[in-house]
Each structure stands twice: as structure tokens, then as C-alpha cells.
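New notebook page. I want to get to know this structure piece by piece and jot down what I look up.

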Amino acid sequence: MTANQMSGEMNAVFTPSDSQGSQKTTVNRLAGGQIDRSRRLRFTFDGKGYLAHPGDTLASALLANGVRLMGRSFKYHRPRGVISSGSEEPNALVELRSGARREPNTRATVIEMFDGLEATSQNRWPSLSFDAMGVNDLLSPFFAAGFYYKTFMWPKAFWEKLYEPIIRRAAGLGSLSMEADPDAYDKGFLHCDLLVVGAGPSGLAAALTAGRSGARVILADEDFRLGGRLNAETLAVGDQSGADWAAATVAELASMPNVRLMTRTTIIGAFDHGIYGALERVSDHLAVTPKGKVRQTLWRIYSKRALVCAGAIERPIAFVNNDRPGIMMAGALRAYANRWAATPGHRVAVFTNNDDGLRTVADLRAKGVQIAAVIDSRPDAPALSGVEHLRGAMVIDAKGRLGLSSIVVRTASGDTRTIPCDALGVSGGWNPNVGLTCHHRSRPVWNDGIAAFVPGNDLPAGMTVAGAAVGHLTTAAALRTGAEGAAAALADIGHSAALPDLPRAEDDAPRLTPLWYVPHKKGRAWVDPQNDVTVKDVKLAHQEGYRSVEHLKRYTTLGMATDQGKTSNVTGLAVMAAMTGQTIQQTGTTIYRPPYTPVPIAAFAGRSAKEDFRPKRLTPSHKWATEQGAVFVEVGMWMRAQWFPKPGETTWRQSVDREVLATRGSVGICDVTTLGKIDVQGTDAAEFLNRIYANPFAKLGVGKVRYGIMLREDGMVMDDGTAARLAEDHFVVTTTTANAVGVYRHMEYCRQCLWPDMDVQLISTTEAWAQFSVAGPNARKLLQKIVDQDISNEALPYMGCAEVTVMGGLRARIFRISFSGELAYEIAVPTRYGDGLIRAMADAAKEFGGVVYGTEALGVMRIEKGHAAGNELNGTTTALNLGMAGMVNKKKDAIGSTLSEREGLNQPDALNLVGFRPVSKDALMSAGSHFINAGAEANAANDQGYMTSVAWSPNLGHYVGLGFLKNGANRKGERLRAVCPVKDLETEVEVVSAHFIDPEGERLRA
Amino acid sequence: MPEHRLKALTPLAQARPVITTVGRITIAENPDVALASLAQRRGREADFTQRAEALLGFALPAPGHAVQGGDWGAIWTGPGQWFLEAPFASHEDIAAMVKNAVTDAGSVTEQTDAWVRFDVTGRNATEMFERLSAIDIHRMQAGQATRSLIEHLGCYVICREAGSRYSVLGMRSAAASLHHALVQAAEAVA
Amino acid sequence: MIINHPLLGPRDSQEFTYLGDASLIDRPDWQAPDAVDQFHDYLYLRDNPAGEHRELWFHEQGDRSWLVVTRNVVTHEILNVELASDVARSRGRSK
Amino acid sequence: MRYSGFRVIREALTGHKGWQPAWRDPAPQASYDYVIIGGGGHGLATAYYLAKEFNQARIAVLEKGYIGGGNVGRNTTIIRSNYLLDGNEPFYEFSMKLWEGLEQDFNFNAMVSQRGVLNLCHTDAQRDAYTRRGNAMRLNGVDAELLDREGVRRIAPFLNFDSARFPIKGGLLQRRGGTVRHDAVAWGYARGADSRGVDIIQNCEVTGMRIENGRILGVETSRGFIGAKKVGCAVAGSSSKVMSHAGMRLPIESHVLQAFVSEGLKPVIPGVITYGAGHFYVSQSDKGGLVFGGDIDGYNSYAQRGNMPVVEDVCEGGMSLMPIIGRARLLRMWGGIMDMSMDGSPIIDKTDVDGLYFNGGWCYGGFKATPASGWAFAHLLATDKPHQTARAYRFDRFRKGLMIDEKGMGAQPNLH
């Protein structure tokens, strides 16, 4: 491009804005840049319309449109503009999009422009330029660091009633929409030999080296355009511009099947064993997420080696009012000019302590931007020609509340000068981006050569660092160390890679004289702009003894803003070091934690949100039950039919009462597939069960079923269920629904870890069989219509089991066991026939007036029968508590039997499971009530136990309850208070047997 | 096949298998495979191996592998444990058939209806699996099989043809949820 | 974390369920005269070292092997992974 | 120096020149009557109450790093006294009562904010268990309310009442529960103890214990031997490490618990909400960050950092329960080391070594216990008798079968 062309273009774009409120032309758009001028995108900020181009970020587009004021600070609500061009941005935070897709606190610097983008400023009222909370700024002397720890304590009640609500409303940044996030998110898993983090010069050289060697490579970069600073600089790489070299290299990498390029992908954290978290922004750059697609994907990357090429982040120099909109990092200023052809102003000054800042001067001049002055804190800096270069000078103040209008400079001779300008670039040097290297709590070490922290020696296993991230601040060194780093990392895993011929690039060692803050007596100089931490706050923390870096951080909130101190921490440490007289290394750093940049909570959840939080398990009769209009209930992961309402039934109790009465009066069918079923085989199967159950199993006959209780090793009851012996060497164990997984795990533990030579094989068969309970006096009659063989009392007595066929030849299993206390069976067929079987049985039941019942009726009947279930098997109850002490056989080795002997578990007043009924027949009882002796005061000291389960018994016409009562076994007939303060309920209850129905068990054996 | 009067439903509770095509990926419910678990008895390893091989006509696969041969397939599922698969129509009572073959050298358990099987085909099936499980799907070769988590469910993934043909075995009761997860992942890469 | 399964190679630890100290393999003799005390120490007391720790992991979502993983609990580095049944046998456990 | 609004104004007008260090930085003396190992919340509170309530002197707190750097500075700031069991509830209520007067007591605004703790329930069985627990609280004189679904909706209308995988059926609310600014608790106790003569010695790691004839004589430290008549250990996740110097094995495992904070947001959540069917609990700090967490990672760890599966698990719970937070961003994740005990309840007890006392096993619930723990430990140290609310917290409860197992999970620490 010739000078003429450039100025021509400049003339064209430097058109002043026409009228307020209409779509402005891009007043601050320069020539060149990596934007697509052939397309125009419309966007709004605070409702005002603007134009942008593809390739813009919101920040670049706002600058190009002459907008410098983009946000307000957290505490003082100071007007703020953008200070960076990357993800480290602390100031330019906006609410992006609207409605349910509103994203608060979104950094304008990383918002990729799309047509129709809507952004709104935040943390201000009523408007960004006039914010009533700006009054905080006037009161700032009272709001010094930690002031809130020293006041607001009186009167006591005022904290919650007055002070805190005010503080909470004033604090916070953006607002959530308060609507459910409508977008979908994916999670994914990737594997590679080498993960390269960052696609700047070092990352590209590394990926090229590794890619050409054939290794599996992932190259990830948070930007939408790969190249890192190469896109922001005018420095040549070989014979090309850096940006062109980057593009060519990316093109070569894209052609390699063994290389995966991941743009818009931030490596968010280094986790154990080479696992990295990565967030890919799949659709954030689109106006609308396409149907079926996700907004973002959270990747878990399994890497054998990782090379961090994350570059460096420029740091500011603190001076009074250094937070004015228009003041930004010098490197950002030239990034906006070079990559985005945007500038915050027409007249720009630069304040630097190093040579890199001078590059901004050169680049801006090349773009035709007027340089107001260069303030160089180094008296010995190399002199620049053609601009006013004030060596040995410092910026001591800045004017312009809503946008910079001038800076005040103290020159080397001590004079004070005011220099009008509308933007100021500040360079305090560059900090290697060590964040990721510290995620395993490694502490970075100080490097005097570049006056910055570099990665320490105890990095996460498998991680190495190259380029600016390790302190090599020249392009040539970045390229070289990137390539060498990749080769070395691959050599480490036995994969050889040749170093590529790298292009020539600038290799000037950076020259810098540290300057952290400009000394000042009055005014405030910002260290952490978002959280409004000033140099004075750091000094106050020191004065009050909060000198450890962690105390400093926590007391002042330094580095706790949304940028996690990327631009502020080192400056804060330097101020503290100056106070204590220690070095910065001695002062130390706080801990860098994941994620590298903030990640939407929804992305961590992925698909497992809302109703898809966990999979649903459906029973074999689910389809049929749905057709019947069943009400379903979550039981662990299962959905079970809770009851089956019939026309005319208006309350659940009507349905449940009907199901219970029909079952006890005739027959009822219930899907019990959810109970765990474990197939136990082997020559030692019987002995194995003998050890995992507290009661004996060795001598159970073939064709017989036995009820058993399993204890944990600490003597508490783990689970109860049955074991059926199908053959000498073959059992089927059932567990409760809730404990199916845990019991299986426990059995494998016993088999593999305790008795590894037992001949026992285990496998879950829960899912393989559709199993139904058929209970009630007509159970046999009904089943006899289904089962092909004789199931008379003689052929299949109580607690018998058999392999049979049903419906004319389908293999099935039948167990004569009962949970309800009725004559009952459980019948099992291969799951695919479960739907057919429930239909057949429901049909057959009609003849008897039978029903299909749900979990509520199941629960009522088990309470009526006094069977313990989940509410009783709560992990703190022993066999003794449950009235089953006799089952714990002391003559064999069984899990839990030894420790069940401890004195605390065998006290005379131990809790016993007993039944309760209300003394007044129509009185209500509630599970969770506590028992108090009649006449005693209801307090904890008088607590006698608690009610575990309560149900209305339609058979008895009153509530029935089970509960644990101190010495309950010996208190039958006693009347107690069952108190339930949280329901405002108290019932006089009588202690009775837990077996309300058929205590002799005659029905079972009928 | 026994002549009885009960109709079967697929794991997705349909009369016929559900076949879903999303972009280039097809997800086909496959209920036409009988499955049995086969575990070797302790101290009977040699006898077990010989009998199993006699039945199958090939050696039982090593850890992480699956073998197919004739009507039979075998998948390694754990130390000393395999799943055997065969056509449902001809092998509905697979457990009895296998038990007859291995006798008391092995423990056999019917597993046919414990699982839902989805056959996934398509040239970008790998992209879909990247979004479902931590398995290194790109390195998986035909004849490899392993179990891992897919959306909180322990599932077997069996590679039938690298890059394009896989079977997923998941817990039958969660068939609908698993199907939902597979379809969503397929849509994301469609 | 990644656990290098002795049979299956590297696996994400998410497929596993953790139990605790591998000393849980050394279950005391129920017939010892001080069996209650032995079981107390066995079940309740832990070395809980800040260093190498042998621990039991169950490959619940994989092949259902119990593994003994030797892991530095300060760095999380895994030094060895064995089948728990092998370890149990080597510690004299049988039937 | 007394803190007050007046003082803040005066200092503001005079350039903040008058503020003094919140605590001294003394060199260790040769010996003390009491050496408290651990400058966390519990250790500092112990020293504070020893000096203030039990009139003891010659007290030192030894901290290997900086005070408040352990779990007191990395928890999710929740206080509550909603326990079920007799062994626990009076103790935690004692703690709650101390919280309620703490700031005035130690003259430091710790932002004790009783905005309520709401435990959601999702099944009938869970509601029964909450009923039992709420009743236990009420019988102990503690506030508890059982809410139905509509009651929950009134308090937290933004929860997912439409499509949660596990529907919200109700909840147990303790209105007196809430949050406290965690760092301020450590600093407030430190400042209060220091002003009563306690030496707070930072960067002083205990490397050994000198024990002769069954009696402790003092501790070896990175800053030399420090003699002591009585030594109290309150080091949370490092309990096993420190007590191994006395040859003790503890009923404790060290596990990592992660916690998370989002970017600052305008007010979203009034109090603390816990999800009973997923591993998720959340509150919002005064700064505006959503502070949330869930389960421990589940494996033994001293690393103070965790891994992704639990992060995901927690966020999944959050996105099921309150999908309005989906576009809020997780800003920072961190980990602390929990001294997970074998029944989920703590130990405040003497040891077999004369003069050596132990306080630990707090699992992930130590923060809310800080005042009562400090008081009860001071009571034990000063009087050799357990405080009446902490009598159950004995070592020998496992041998005797008197476990205090709120969750009923048994001797597996990672399940508590």
C-alpha cells in the first residue's frame, strides 16, 4: 500500500459522525487490518446502532465508532474504557445479547462481531454516562480497603436489615436474565500426543514441528484467528508479515490429518495426569445457535505431553487516575490499530518504561495517528525522532471523567506539563502468561532479566513451556523455543521430530527499567481497576499487617475480579514489596487457579441439565402403565408407577386405598423389576453368601428362597433381600432398589479383595428379567392362568422357587415370596416380554377384581406387614434395632458380625422397631415424629425415638406407623406422645406389634 | 423358538426396532442378538477354554477385544468373563446352549434383555463418539471392545469397522435416555 | 486422573469408584481373642500418609475389577496399579 | 484499637494514618502454658477463648504458613445448626449462638448474615428424613421449618419447578442459618486473641513433638523447640500428619473438597440452597459471586486442588436445579483438605499422651463449628473436662460402637 492510498483511505474513514443517535460511521477506523470491509455488520450498544465488519470484536468496533466509555468499575462505579485487546480485559464488561440468552460480564475484547449483536453496559444506573452510584467515588476515602470489617456492626440487627441489602445491590456486576439458559452444551473427549496451548509464533512453530513428525497434535487457541501477537504486530517473519506467515502455517497444519486445530478454544485448566480442560465456543460468534447445535463444548483433552505457548500479558504502570477511558495498554493500542484498524483517538500519547512501548509509537504513526508525546520513564532510553520523546518523564495525572482529554506529565527536569490527548498507551513490560503452569500449585519464579515471573521448575507432569510464556519475548526466540519445545516433548515419549527451517524474525532483546507505579501523595492510582484497588489500598493493607500476599489479596480484593488479576497482580506485589523492603520474589504470588478464563456453568454441565440431569430407567411395564394413566415417581434413577388413578378418583388416597384393598381382598400385581438381582454361581457360591449375609445360607436347599440381611463391616444393616437357590452352584440374590449398585460392588469387593480364591462368579441380572409381584388371596389362581406348570401349595410352597414356563412355553422364574404379607409370588420373564406379561396378567386379573398397584400401595402394605424398608434401613440401624438380632449368626465368619458386638450397639435401651397406632382412630400420624413419654416435656432430653414410616391403612381404618423406640420391644401397649413440631402435629400413639396384618403369617403360607 | 403367546417389545418399547438417521449417521436399535455372560470357574480354566472354543470355533478374546466368527461373537467383559452373542432368532435360549457346552467348567447367565444394543454407522461416527465417551475412538480398531461411561451409563462400545461402524451396549432400562444422548451427539456433528 | 489398568491400559478415573486404604484387604481373623479390637483398628484407623498411599479403586463402569493403586496423594502421581485379587493373594488371602 | 464507624470516618478524614496492624508478629518464646498448633479458624478461636473466657495466659498459636490459609479461608462460608443427632445438634446450636454475637464480641465485622439455609427434598423418604431432623432441631430449641413445594417456590421462585430431573417436593429451612465472611473470622479471632496477649506465630511449622514418660513437653518447630505445658492440635486436613509425631493413627482420612465462585452478579439468591438429589449447594456472596460446591472428589488427597469430574458433577446439579445460572461463569475453582472422619463427626478429646489434646475430624463442616469448636477445645484444655455440648466427640466412640453418623454411611470417610 502506498502512502497515497493510505491517506486516501484515511480521508474516507475520518468522517465525523453525522448526528447523535443514528447509526454512526466508523470515525476511528484506520486503514488495513484483518477485517472484511466488504461486509458490514450492524450492532447496538446501549440501544444505539453502530456498524462493524467481520473480524471485529465488540471492543474494536466500539473504538472504531469512537466509543471509549464501555463500563463502570465494581466499587466506585468509575467510568471505564477498554484497556486490553484480549481475554485479560478487566474493564470493558458488558451484558451481551438479551432475553434468556443475556450473558452478563462479557468481555468486549473477546466478543466476536456478528450481525445484529446487542450489548448493554452494566453496573450503572440510570445510564453508563450518568451513574448515580458514582457517588461512591466521592465517598472513596471512607471506602478504603477492608473498611467494612471495621463498621456496620451496630446495632446488631442492622447488618442484615439495612447495610447488607444496600451493599448487595450495589455490588455485583451484570445481571442474570433469571430465565433458564435455552442453549445446549456438549462435552467431549480428545486424545493427543502433544497439546499445544496457544497459536502465537511459538505455538505455531511447535505445532508445525510436531505435525510434520506425524505425532497426534492438538493446537488450541482462544482467539478466532490463529497467530497470536503475529496478527497484532507489523514485524516481519521471513519475507512475509507475521500475520501472513501465521496464515500460511495454519493452512499447512489444517492439511495434516494428525493435527487438530481448535480455534475459539480456551485451555481452561491443567488437571492431573495430562488432562486439560478446554472450552470451545462453537456458536458464540453466530447470531443464533443453529438447531441441534450447541453453544459451547467442554472438552477433556488427554495429552501425553503439553507445551504451553500462552504468550505474555502486558502490564500497566499505576499513576493517578490511570483508569480514565482512553488509557489502555500500549500493546493493545497497536493491536487495535494493526489487526482491527481501529484507534481510540486521533491524538495519542504513550507512556512506557521499555522499548516495546515504542513499537506502538511507530505502528500508530505508520497508520497516520498523531502522537501527542512519548513519555518514557527511562532517562537513558534510545531517542526517537519525529515525535516528542520525553525521556525520564512520568505521567502523574489524567483528566477527562468519561474519556481522556489530557495527561499531566512530570518531565525529567521536574516540570509539570499538561498534554492534550484522547488516548494513552501504557507499557510497564510484559508478564509471561504463567497461569496454566501454576494450576498444580507450582509457584513462578522471578526473572530479573525481564523483571517478571516465569514458570517455576515444578510444573504439572508432562508440561513444558515455550516462547513468551517462559520469558522469551522476541519473535525469533518464540519460534525457536516453540519448535524445540515440541521436539523435546515428543522425544520424551519416544517420538522423534525434526526441527523445521524457521523463518528469520526480530530478535531484539527487550530493554526495560522496571517502574510499577508513579509515586504520588494525593489522588488514587489503580492497581486492580475492576475491583478498585489502588496503590493506597495496598499500602493500607501493609500498614495493618495484611502483608502475606494471600492476606493482601483477601483484604483488598486485589486480583479477585473477573480477570483474576491477569493485569494487576504483579503490580500489586511490586507495591507490597516496596513497602516491606523485600524483593518481589520474596513477596511471592497468590495461587493461580482454574479456569484460565471464566467458563459458563452450563458448559460444565453439558447435556446433563434440567430433565437430562441423569438418565431415566424405565420399567418393563412403563409403556403399559403410561397407557393406564399411571402417576410416576422417581426412585433413584428409576421411574416407577406410584399409583394408577381410575376415572372418578380425585385424590391419590382413593387410588391407593383401592389398590391396597383389592390386593388384600383378591389380587394385585406390581412391577418389581427395579429390585436388584445378582446372579451368584460357582462351587463356593453358598459359602460366599454365608459370609456376606449375617444369617446362614450354606444349607439352603435347591428350589428354596431365604430372606437375609447383609451387614456392613461396622455391624449396621446394609441391605436386606432374598437369595434363591436355583442349583447347588447357582443363586439369585435380590437387593433393595436403592442398594442394588452398592451391594453388587460390595460383593465384588468381598470376592476379589477378601476371598480371591473362592470359586464365585457374579453378574447383575436386574435388567435381564421383568419381574412382577402377584399378591393376594387370588394370586395363585391368577398365576395359574399364566404359568404352564403346577404352582399349587404342594408344588411350590412358601419360600420356594422354580424355573417354569409361561403363556405356552416362555422360560420364566417364579419365587414364592411376599412383601405384602399376602399369598404372593414374584414371576420373572425375559425383559422384552415384560410388557406382554403385564398385559396378560392385568387381563387375567379382571376376573378376580384384581388390580395393578404402584409403589404407594406397595409401601402401605409393607408398613401394614411391618417390613423394614429404606426409611428403616437408614445406615444407622443394627439387626438388633430391627428386631432381627437372632439372625446374626455368631458361629460363622460373616461381614459385620464381629463389630456388631460392640457395647454401644447392644445397650439395654437400644432402639427397637415397633408398630404404632393412634389412640384416637382418626388421628393423623407423621413419619419423622419423635416419641416422648406421656406426661413428659417435649424436648431433646426426653426423646425416646422416632417414627420412620406412616401410612393410612384402608384395611384397619386408621393410620399405622413403624418407628424406633428405646427398649420398644418391651413397651407394647404403652401410650406415648408422637410429636412433630415442624408440622404442628402431636398424636397420642400406642405401641403395638409392627405386624398389623396377619401377624401369624398364615396368609403367606396359604 | 418357543411358541408362546407373549409379544416382545424392543428396549425402546416399540414393536419394531427404531432406526434413526441424523446427517450421515445411522443409529439402529438391534434387538436381534442373544447375549449370555460366560465366566470361567476357578481351577477349571483349561477345561473351560477348550469347551468354550469348541462351541465358538475360535479363541476367546483377550482383554479389550471382541471376536466374531460364524453365528457367534464374544466380547471380553472382565477377568475370566465374556459376553457371547448370537442371532436371537436361532439362539433365544442362548444361556442353556452355552451352559450345555461348557458344563460346570463355566458359569453362564442370560443377558439378552439386560442390554439395549445400538448399531451406529456413518463416516463421522468418530466425531459423535468424541462427544460421548472418553474412549480414544480414533485409535479403536475393528475387534476392540471396551466399557466406559456414556452420559453416566456404563456402556460397551464395540468397534466393528474402524471409523464407521460401532455397537453400543447400554443398560436396557435406560435405552430411551441412551438413545436420546446418541441422537443429540449425532445432531451436534451432523 | 488416569489409572493405568493392568489389563485395559489408561482409563479415566471417572470410570472408577473409590473405597480407601488398601489395608482393607487385611481383614482380621474373626476368631481371634481380641477380634473386636482388631476389627476396630482395621476398619477405623488409618495411616493417612501425606505421600505414597495404596488404595482400592473399583472399575465400576468398566470391567468391574478391584484395583490396588499406589498413588502419591500430595502430587497425585500414580506409581503402580495392580489387580486387587493378586495383591490379596500375595498377602495370604485365599478363601 | 477499637473498630467503629466513628473510627472509620475519623481515619478517612485524616488519611488513614492511624490504623495499626491487626495483630503483632512476635518471635516465639521459649515456652508457653498453651501451644495451639494451627492458625486456622479453630486454632485461633481456641486461643481467643482460652484467653478471654478461661482467663488463661502464655498462649501461642503456631501456624506453618499464614493464618487463615487453610479451610477457614477456602470454604463456602455457610453456617447452620440443622443437625439430626443428639451428639451434634446442641454443639452446632451453641456455635450458632456464638456466631450471633461474635462480631460485637471480637469487634470485627465478619458479615454474619442469617439469610437462611434451605435444604431441598425430592422424595417422600427424604421429606420424612427432613421431618425427623427438623423435629430434632425443634426439640433442641432450634428453629426449623418444613416447607412444601409452594413454600419453597415462595422463597426461591427461580428454581426449576418445571423440568428438574428430580422434582422439588419441599424443603427444610433454617432461617437462622446463613453465611459469614470466612477470612474475617480468622482475622477477627486473631486480632481478638492478639489483643489479649496471645502470640500468633506464622511461618512456624511443627516438625516433631517432645514426649517423655507419656507426657508432652513441647513441640519441635521450623523455628526451634517451643516448650508447652499443654499442646492442642487443630490442623484439620493435616491432623494425621501432625499427630503422627505423637505416634498416633487417627480415624481420619484427608480428602480434597473443591469449591467454586462465579463472576460477580447482581442479587440472584437470597440465602443458601442445597440440592438433595444432586451434589450442589449455592449461596451468593455480598460481592455478588455465586459461591457453590458439592461433593468431595472422593479420593485421599493432600493436594488442595481437584479434578474435572466433580466440577462437572456439581455444575450438572446446579443446571438441573436452577438453570438460570447457566450463563453465569465459573470464575475460580479451588480445593481444601478435609479431615474426613469415620462417622462424619468431629473429635475434641484428650489423647493417650498427657498434655496433648486433639481437635479434628471436621470433614467439610468445620467452618460453621469454628466458634463452638474453639470454645469447647479451650474448655477441654483449660479444665481437662469436655464442654457439655462436645461430650460425644471422643476417640473411643468407634471402639465402643457409639458412632455419630448423620448420614448413615458407616466407616467410609468419602461418603460422609
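Predicted model: local features only at pLDDT ≥ 70, side-chain atom pairs only at ≥ 80, totals over all residues.

**Entry 1: a helix in chain A**

I began with helix α9 of chain A, residues 475-492: its 18 residues reach 26 Å from first C-alpha to last, close to the 26 Å expected at 1.5 Å a residue. The expected span is 1.5 Å times one less than the number of residues. Helices here are DSSP runs of H or I with at least four residues, strands are E runs of at least two, and both are numbered from the N terminus.

Residues are numbered from 1 along each chain as its sequence is written, while chains are lettered from A and ligands numbered from 1 in the order in which they are written.

Is α9(A) mostly covered or mostly exposed? It is mostly covered, with 13 of its 18 residues buried (20 or more other C-beta atoms within 10 Å of a residue's own, C-beta atoms being placed from the backbone). Just after α9(A), I found A:Gly494 with a positive phi of about 75 degrees.

**Entry 2: a sheet in chain A**

Next I traced an open, antiparallel sheet of five strands in chain A, ordered β37-β38-β39-β36-β40. β37 (705-711) and β40 of chain A are at the edges with a single partner strand each, so one side of each has no neighbour in the sheet. Strands pair if DSSP finds at least two bridges between them.

I then looked at β36(A) and β39 (residues 730-735) of chain A, which run antiparallel and are joined by six bridges. A:Lys677 has A:Thr734 in β39(A) as its bridge partner. Helix α18 (residues 740-754) of chain A packs on the sheet and touches β36, β37, β38, β39 and β40 of chain A, its direction making about 20 degrees with that of β36(A). Angles run from 0 to 180 degrees between N-to-C directions, with axes fitted to C-alpha atoms, for helices over the stretch in contact.

**Entry 3: where the chains meet**

How many residues does each chain bring to the contact? Chain A gives 43 residues and chain B gives 43 residues, with contact meaning backbone-placed C-beta atoms within 7 Å. On the side of chain A that touches chain B, β8(A) supplies the largest share, six residues.

**Entry 4: inside chain B**

How values were computed. Contact = placed C-beta atoms within 7 Å. Buried ≥ 20, exposed ≤ 12 C-beta atoms within 10 Å, placed from the backbone.
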